[in-house]
Amino acid sequence: MITKPIKTNIITGFLGVGKTTLIKQLLANKPTHEKWAVLVNEFGEIGIDGGLLHTQATAGITIKEVPGGCLCCAAGVPTQVAITQLIQQAKPDRLLIEPTGLGHPAEIVKLLQAEHFQHVIKVQTSLCLVDARKVSDERYNRHDIFVQQLQVADIVMANKAQYYVDQDKQALTGFMAQLNRADTPVIYNNSQLILPEHLQYIFTQLDTSTAQRNKQPSPTFKPKSMLSPGAEQWLLPSAPSTHTDDDLQQQLAQQGYVFKTNQGEGCVSYGWIIDSQRCFSFESFMQWLETVKGLKVLRLKAIVITLDGILTANMVDGNLSLDEHDDALDSRIEIISDKQLDADGLQQQLLDCIEVI
């Protein structure tokens, strides 16, 4: 029984800007007496962010992942079902929602403020993470999702600020003014992790209600919904996955891996799940990553079981970062690109990285 509305925060940002890192830090510092829940949506079909957050799923924290398609679809049915299930399961004091970097956050806000959630959810401060270096790039500043994420934000965190030049900050300031959001607080974070002072500020602002969310800005341009020129010639709207968990497990048992793809908003995802009994050669996998890097993809992320341990990989704009991971039920690799790739060729090269034990 929900006795009072659940405090709910939306955390948005384009691909690879650091949303999962922020959520992990928020969870690690949550009040010990509170129960928190996290709803994560990914553009790709296989789901990786849930695994990256899994180590945070301790007492008082529940994480639910909705991979594939867009959590923010206009109909809102998948979102409504996922939120209802999560609330019933966790009965949280706070709900964090992380839409995919290719999702429409305004649809999430609209749904959460609908009548059927009126006495269940209390929408509070929304945060948008942004890389200010992208603001001058028309692939981003003319992209309707990138624009919408900044429009609905109550606080903007400009991440990776250690790499900015003065023009980057000026571009962000000017762009926010252009969106009628000049009064939105902007935090510049110049560390791989969220700095303690910024994290403390975010915690003090989580329960602040503002009127910004209800403003209707009028951009001086009409944003595009496609990242690549001509992409509409081959891209179809993303569709809900028709695969069940049982289907996935059966296919995994039969051939040792599962391949899934999704497309929409000018992008296409390629994802693989590899059975845990098949371990990767670290050196071979690193060579495969270099191949993918040469394709200039938008994003790559992975949790991979190697002979030397469990590896996480994150690639954004050709910059690759690696880390160790505590546990994994299987290996998961996903690529997001704004152009079609040779999926069969990439898959064969990836499977060749597996060592026979």
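This is a predicted model: local features need pLDDT of at least 70, side-chain atom pairs count only at pLDDT 80 or more; totals for chains, interfaces and linings use all residues.

Residues are numbered from 1 along each chain as its sequence is written, and side-chain values use heavy atoms, with hydrogens and water left out.

**Helix pair.** Select helix H1 (residues 19-28) and helix H8 (residues 196-205), whose axes come within 11 Å and cross at roughly 75°. Helices are DSSP runs of H or I with at least four residues, strands are E runs of at least two, and both are numbered from the N terminus. Axes are lines fitted to C-alpha atoms, for helices over the stretch in contact, and angles run from 0 to 180 degrees between N-to-C directions. H1 and H8 are therefore roughly perpendicular to each other (65 to 115 degrees). Next, show the side chains of Leu 22, Gln 25 and Leu 26 on H1 and of Leu 199, Ile 202 and Phe 203 on H8, which make the contact (heavy atoms within 4.5 Å).

**Enclosed helix.** Move to helix H6 (residues 144-151). Seven of its eight residues are buried, so H6 is largely enclosed by the rest of the structure. Buried means under 20% relative accessible area, exposed over 50%, and partly exposed in between, with a 1.4 Å probe and protein chains only. The buried residues of H6 include Ile 145, Phe 146, Val 147 and Leu 150. Among the elements covering them are strand S1 (6-13), helix H4 (105-112) and helix H7 (166-178).

**Salt bridges.** A salt bridge is a side-chain nitrogen of Lys or Arg within 4 Å of a carboxyl oxygen of Asp or Glu; the count comes to seven. Select Asp 207 and Arg 94, whose closest N and O atoms are 2.7 Å apart. Asp 207 lies in the loop between H8 and helix H9 (245-255) and Arg 94 in strand S4 (residues 94-98), so the pair ties together parts 113 residues apart in sequence. Arg 94 is buried at 4%, whereas Asp 207 is partly exposed at 37%.

Then select Lys 134 and Asp 317, a salt bridge with closest N and O atoms 2.9 Å apart. Lys 134 is buried, at 12% relative accessible area, and Asp 317 is partly exposed, at 38%.

**Cysteines.** Finally, select Cys 279 and Cys 353. Cys 279 is buried at 12% relative accessibility, and Cys 353 is buried at 4%. The whole structure holds zero disulfides (pairs of cysteine sulfur atoms within 2.5 Å).

Notes:
Angles under 35 degrees count as roughly parallel, over 145 as roughly antiparallel, 65 to 115 as roughly perpendicular and the rest as oblique.
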